[in-house]
Amino acid sequence: MTILIRNLGEMHSTIDSILSNYDGDGPIRVVWPRRIKKNVQNFQRLFSGHVVYAVKCNPDPTILEALKQGGINDFDVASIGEIEFIKTWNQDSVLYFQHPVKSRSAINSAYQNHGVRHFSIDHADELNKIFEELPTNPEIVVYVRLATPELGAKEDLSNKFGANAEEASKLLKSINSRGLSPALSFHVGSQCYRPEAYRVALALVKKVMNVSEVPIRCLNLGGGFPVTYTGDPVAPLEVFMREIDAGLSSLSLDQNVELFCEPGRSLVAEGMSVVARVCLRKRNKLYINDGIFGHFLETHLHGFQPPNRAIRPGSRLSQDIESYEVFGATCDGNDVLPGKLELPNDIREGDWIEFGNMGAYSSALSSGFNGFGVEALVSLC
Ligand SMILES: Cc1ncc(COP(=O)(O)O)c(C=O)c1O
């Protein structure tokens, strides 16, 4: 089975020109490094702390390079695999091991071999692993991850991770008394539609700080900042930042507390399109060369509909629109895109569909099931 990524280079200026010259069979990833760079700079302008990128969202080196160009040097990693990958890509990257469940060997290797000093936990037994495996070194920052109330996120993460306020206070005290540096973190859930979720989470931080009376060294506000999918408008980042600023001002943090957030989606989603070909039309059913085992697993899980447009290289499609069900490439009956797509009534085999805002949790989740994979990648200015 081949999942071939051919780099189509940089001689193209538009998707239409790529397609006019494309002789491959599979879908194409189109990356816009400039959009990613702009998103990073916008985020850094609005957020008063360090911006860390969540590698899981899209670890493609083209994307990482664009993030670096924008000024990202800090990465949230979840596994030793991600750590080794990022360190091989850029030895100078600063890494934050923010998965609250880690093997002992991963903790050890992260610390000894890769210089990781920031670790996340949400349970006393995980904290004991840190105590037992690592030296007593105040440079080691241990984040207690708080569970947050479910407040408008597509993917709740607090059903799986996070300590409640009482547990968190005990964990902070334990970290402090052991001579490591205590810290707090949370994640309001991915694609969070309600800006006030951050203020509510920061109120929880305040409660834990008051109850524990432990001075924290770092505070990490996680990711969760949303992007627009079809029919799914979201508030601008400024509105989220206003809520964050309100929550932070009520904390009266010491000046030496380092503040972080670690977005994935909001930095990279708009920086990549997936362009898929129509392989067959049966009335109002289209069969394309990509699907939920390719770039579209997350759209299937959460019902997202990325913005889309049909393309026939070198000529025009009809202005008259019809609704289509769109089926993925594999033999699996679940392999269908959510909802219906509004596309030209003359769309046919050989035409293409560009799906926008596809940079997050798309390529990272594709499995190559049934032998279908991405064929090519191209960067556009
Ligand atoms: C610990 C952690 N940080 C950051 C992120 C990135 O979140 P998002 O892509 O919603 O910004 C995730 C996503 O699952 C996460 O688990």
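Analyst: The structure holds 17 salt bridges, a salt bridge being a side-chain nitrogen of Lys or Arg within 4 Å of a carboxyl oxygen of Asp or Glu. This is a predicted model, in which local features need pLDDT of at least 70 and side-chain atom pairs count only at pLDDT 80 or more, while totals for chains, interfaces and linings use all residues. Residues are numbered from 1 along each chain as its sequence is written, and side-chain values use heavy atoms, with hydrogens and water left out.

The chain is divided into domain 1 (6-30 + 270-379) and domain 2 (33-268), with bounds that come from an automatic or database domain assignment. Their C-alpha centres lie 33 Å apart. Domain 1 gives 18 residues to the contact and domain 2 gives 21, where contact means heavy atoms within 4.5 Å. Together the domains bury about 1,800 Å², 51% of it on carbon and sulfur atoms; buried area is the accessible area (1.4 Å probe) that two parts lose on being put together, summed over both. Of the area that domain 1 buries against domain 2, E270, F304 and Y361 supply 34%, more than any other three residues.

Two salt bridges are counted between domain 1 and domain 2. The side chains of E298 and R265 meet in a salt bridge, at 2.7 Å from N to O.

Nine strands form an open sheet in the order β3-β13-β12-β10-β8-β7-β6-β5-β4, with parallel pairing. Two strands pair if DSSP finds at least two bridges between them; helices (H or I, at least four residues) and strands (E, at least two) are DSSP runs, numbered from the N terminus. β3 (50-51) and β4 (53-54) stand at the edges with a single partner strand each, so one side of each has no neighbour in the sheet. Two bridges join β4 to the parallel strand β5 (residues 74-77), and Y53 has F75 in β5 as its bridge partner.
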